[in-house]
Amino acid sequence: MAHEVSPESYKDLVLFLATAGIVAPIFKRLKINPILGYLLAGVILGPFGLGRFIHIAPWLDYVTVDNPDEIAQLAEFGVVFLLFMIGLELSWERLRLMRKWVFGLGAVQVIGCSLALGAGGMLLGLEPVAALTIGAALTLSSTAIAVPVLAERRRLHSEAGRATFSVLLFQDLAVAPILITLAILGRGNGTFQLQDLLALAPAALGLAAIVLVGRLALRPMLKSVAKAKSEEMFMAACLLVIIGAGMVAALSGLSMALGAFVAGVLLAETEYRHEVEVKIEPFKGLLLSLFFVSLGIRLDLSLLAAQPATILATALGLLVVKMSVVFGSGLLMGLNRRAAIEAALILAAGGEFAFVLLDNAMNAQVVSPAIGQAVLVSATLTMFLIPGLAALGGYLGRKNAPLPISETPPSTANEPDRLGPEPAGQVLVIGYGRVGKLVGDMLGRHDLPWIAVERDARLVEQGRRDGARIYYGDASRLELLQRCGLATARAVVVTMDAFEVAEAVVVAARGARPDVPIVVRARDARHAARLYELGASDAVPETIEASLQLSEAVLVDIGVPMGLVIASIHERRDEYRKKLNRPDALGGRRRRLRDASLR
């Protein structure tokens, strides 16, 4: 028998969905970062916000989150999906080029900030173990907020963005050793034992297992699912990869986010990369929103009211110490002043892993609950400031240390300017059957770079074996076209024989790029006229082209001079084009604008 539906069981879910549907649009309309909206909504809806007044107004219980711990557990997947998407934009080669920043700047930041913050805690009277524990927890910055803010400001692929992400990646790697160190400190004798070293073995084995299984199984699994041509199965496979890799990492003592990141890096080298990005993006956005709401829920405003001077001074000290250490270490590792300032401001705030480390420390009685809770409130307050700090970092960097446009930082001279998006100036070939393959071959003969998108997994596999840069996916979706570089594409060529899909591709591409040439394969003259109406620059009807080629062959065979034949064929083709591409059609208007710009 079906269980009776209890509205109270879904109250928290309804509150979150209402927040996502109302807060984000309002803040975007006001041109305010939506992250701040989610954080504020969490503060208001949490037990320390409206929840404190339920005894006065019982009806507030309907707009208050009852189970913040359950929400926080689910919200952690927001960081997991975020790191997976970042991994999809990288590759092993890219990570190799970043090793100086990850293991150089990242290590200096973690060690330097931990020691500096720990020393500050001891000066304030804390026990050395508690001070170092708090210092290590506050050293870790917020990946979940910093990376979306950088992406929104288009700074993720700048020198400061690369340095910031490298430090955040090393911080994720450092979580397991920090937890083990806390366990040693919690024993009270501070001695290092053999089992402490062995405790790192599961982490190493877990990472090795993710890499090995990913190398051997990821591509065959996705290939098998793609051949089934089921959107639902492909989405399920993507979720399995992310959650599975995260669970293996968690069971090994690492963070789930790190396991998902490694899975993303492995998938970045496959032909399914862009389709996976399109499938996972909605999950990432929704779960990250939930994560920000959960952070706001944890903010205990009563502590801020009871100890305002202590909490605000702790927050200010955290920002000053981390900014100083990151700025100094950035200059030491070769960052220019602009990048060092920007990275220092973005990394200055606390992060989500502070909750994990301090919870462990309080449970182990290394840090007293009163001090730990106050420190967590201070760290949460600094996380509210990250969007503003990122904006300030960009402004101060441009003002204090301008770089000539032509200057290339020495540390990145041999690196690509972009981590994830496809290189600019390529031709997008939609469909890689017989026609698409011939188009790609002709583009290659003229040394023109191109990318193909194909829905048939077998054709994608064959193209990859032949050395083509081809990706699996449904090109009728604008999101996939954008992932494949539509914004900077030189032209779009649609070669598919599924003509309804071809029309959808034309509509999507023309809506996003009014200026790009779109050449489409058409079934006949009527279909060509329809494509011109939708915005195609050129439509090539199969029936007309076959007739023209037959005419050319027979005229040459009966002795008409080749030059006259070619001229007459071109003239007849232009007549057909003018007849089909009427001046009032969207394709006709685009052609007139293009011709005017070329004069």
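Good morning. I begin with alanine 553, which is found in helix H25, spanning residues 542-557. Please bear in mind that the model under discussion is a predicted one.

I turn now to a pair of helices. Two packed helices are described by the angle between their axes and by the distance between those axes. Helix H1 covers residues 11-29 and helix H13 covers residues 273-297. Their axes lie 11 Å apart, and the packing angle is about 105°. H1 and H13 are therefore roughly perpendicular to each other. Which residues make the contact? From H1 there are Phe16, Thr19 and Ala20, and from H13 there are Leu286, Ser289, Leu290 and Val293. Sorted by class, this contact has five nonpolar residues, two polar residues and no charged ones.

Finally, the chain as a whole. It contains 27 helices and six strands. The chain has 599 residues, and 49% of them count as buried. Among contacts with a separation of 6 or more, 72% are between residues 24 or more positions apart. The accessible surface of the chain comes to about 28400 Å², and carbon and sulfur atoms account for 64% of that area.

Thank you for your attention.

Terms used: Residues are numbered from 1 along each chain as its sequence is written. This is a predicted model: local features need pLDDT of at least 70, side-chain atom pairs count only at pLDDT 80 or more; totals for chains, interfaces and linings use all residues. Side-chain values use heavy atoms; hydrogens and water are left out. Helices (H or I, at least four residues) and strands (E, at least two) are DSSP runs, numbered from the N terminus. Buried means under 20% relative accessible area, exposed over 50%, partly exposed in between (1.4 Å probe, protein chains only). Contact means heavy atoms within 4.5 Å. Accessible areas come from the Shrake-Rupley method with a 1.4 Å probe; for residues, only the protein chains shown count as cover. Axes are lines fitted to C-alpha atoms, for helices over the stretch in contact, and angles run from 0 to 180 degrees between N-to-C directions. Angles under 35 degrees count as roughly parallel, over 145 as roughly antiparallel, 65 to 115 as roughly perpendicular and the rest as oblique. Ala, Val, Leu, Ile, Met, Phe, Trp, Tyr, Cys and Pro count as nonpolar, Asp, Glu, Lys and Arg as charged, and the others, Gly among them, as polar.
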